[in-house]
Amino acid sequence: MDQFQTLRSTAVPLPFENIDTDQIIPARFLKATTREGFGAHLFADWRYAADGQPKHGFVLNDTRYRGRILVAGQNFGCGSSREHAAWALHDAGFRVVVSSGFADIFRGNALNTGLLPLQVSAAVLHRLVARVTHYPSTQLVVDLPAQTLTVPVWEESIAFELDPYKKECLLNGYDDIDYLLSQQAAISAYEQHRPWTF
């Protein structure tokens, strides 16, 4: 995974509640076993008509909205446990999803993919959606070491929670195996000095 330190970006507003994994990446696209290529099918049923033409009015087809941050509604990523939903978002270029609540399995899949699920209060989310929707050029700054989301135009920073282990993995670009390998010296030292019992 890529290392994640600080991200400054505009954002894409998608303030619908209960967006499930089948809406994020419809089941008919789940034939591949690697993470590449799913971004083209992100929100496919919302983005494209039956003839494959982009649907007018859907935010990802609106050239005003660009960026690496998706600002979504409450209970994002609910439904089935498919990790392809996180893969599709990451492959489409998103590094952060902001919501006031995430499904637990989606949260884990996102973090394992290098996608940061950043949870804020419902009140902050409401303000953020309104700001990004009406002012698409609004910049957001996600500072992972400090665990803050800053909206410079507001002169305000919002703290967010994150599991310390997953934070370390994101900062270093580690998946779980990479993390274990990074601890190899400590593991070897422990094995050499621990008492053995038979």
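The secondary structure of this protein comes to eight helices and eight strands, where helices (H or I, at least four residues) and strands (E, at least two) are DSSP runs numbered from the N terminus. The model is predicted: local features need pLDDT of at least 70, side-chain atom pairs count only at pLDDT 80 or more, and totals for chains, interfaces and linings use all residues. Residues are numbered from 1 along each chain as its sequence is written, and side-chain values use heavy atoms, with hydrogens and water left out.

**Exercise 1. Overall dimensions**

State what box the C-alpha atoms fill, what share of the residues is buried, and what the accessible surface comes to.

Solution. 
1. Along the principal axes, the C-alpha atoms fill a box of roughly 70 × 45 × 25 Å.
2. Of the 198 residues, 42% are buried. Buried means under 20% relative accessible area, exposed over 50%, and partly exposed in between (1.4 Å probe, protein chains only).
3. The accessible surface is about 10500 Å², and carbon and sulfur atoms hold 52% of that surface. Areas come from the Shrake-Rupley method with a 1.4 Å probe; for residues, only the protein chains shown count as cover.
4. Among contacts with a separation of 6 or more, 65% join residues 24 or more positions apart. A contact means heavy atoms within 4.5 Å.

**Exercise 2. The four-stranded sheet**

Give the strand order of the open sheet, and identify its edge strands.

Solution. 
1. The order is β1-β6-β7-β8, and the pairing is antiparallel. Two strands pair if DSSP finds at least two bridges between them.
2. β1 (6–9) and β8 (156–159) are the edge strands, each pairing on one side only.
3. From one strand to the next, the twist averages 15°. The axes are lines fitted to C-alpha atoms, for helices over the stretch in contact, and angles run from 0 to 180 degrees between N-to-C directions.
4. Four bridges join β1 to β6 (residues 140–143) in the antiparallel sense. Arg-8 has Val-141 in β6 as its bridge partner.

**Exercise 3. Aromatic pairs**

How many aromatic pairs does a search of the whole structure find? Classify the pair Trp-46 and Phe-58, then the pair Phe-76 and Phe-106.

Solution. 
1. The search finds eight aromatic pairs. Rings of Phe, Tyr and Trp (its six-membered ring) pair if their centres lie within 6.5 Å; planes under 30 degrees apart count as stacked, over 60 as edge-to-face and the rest as tilted.
2. Trp-46 and Phe-58 have 6.1 Å between centres and 70° between planes, an edge-to-face pair. Trp-46 belongs to helix α2 and Phe-58 to the loop between α2 and β3, so this pair ties together parts twelve residues apart in sequence.
3. Trp-46 is partly exposed at 23% relative accessibility, whereas Phe-58 is buried at 9%.
4. The ring centres of Phe-76 and Phe-106 are 5.2 Å apart with planes at 80°, so this pair is also edge-to-face. Phe-76 sits in the loop between β3 and α3 (84–91) and Phe-106 in helix α4 (residues 104–113), so parts 30 residues apart in sequence are tied together. Both Phe-76 and Phe-106 are buried.
5. Ring pairs also link Phe-16, Phe-43, Trp-46 and Phe-58 into a cluster.

**Exercise 4. Cysteines**

How many disulfides does the structure count?

Solution. 
1. A disulfide is a pair of cysteine sulfur atoms within 2.5 Å.
2. By this rule the count is zero.
3. Cys-78 is buried at 15% relative accessible area, and Cys-169 is buried at 3%.
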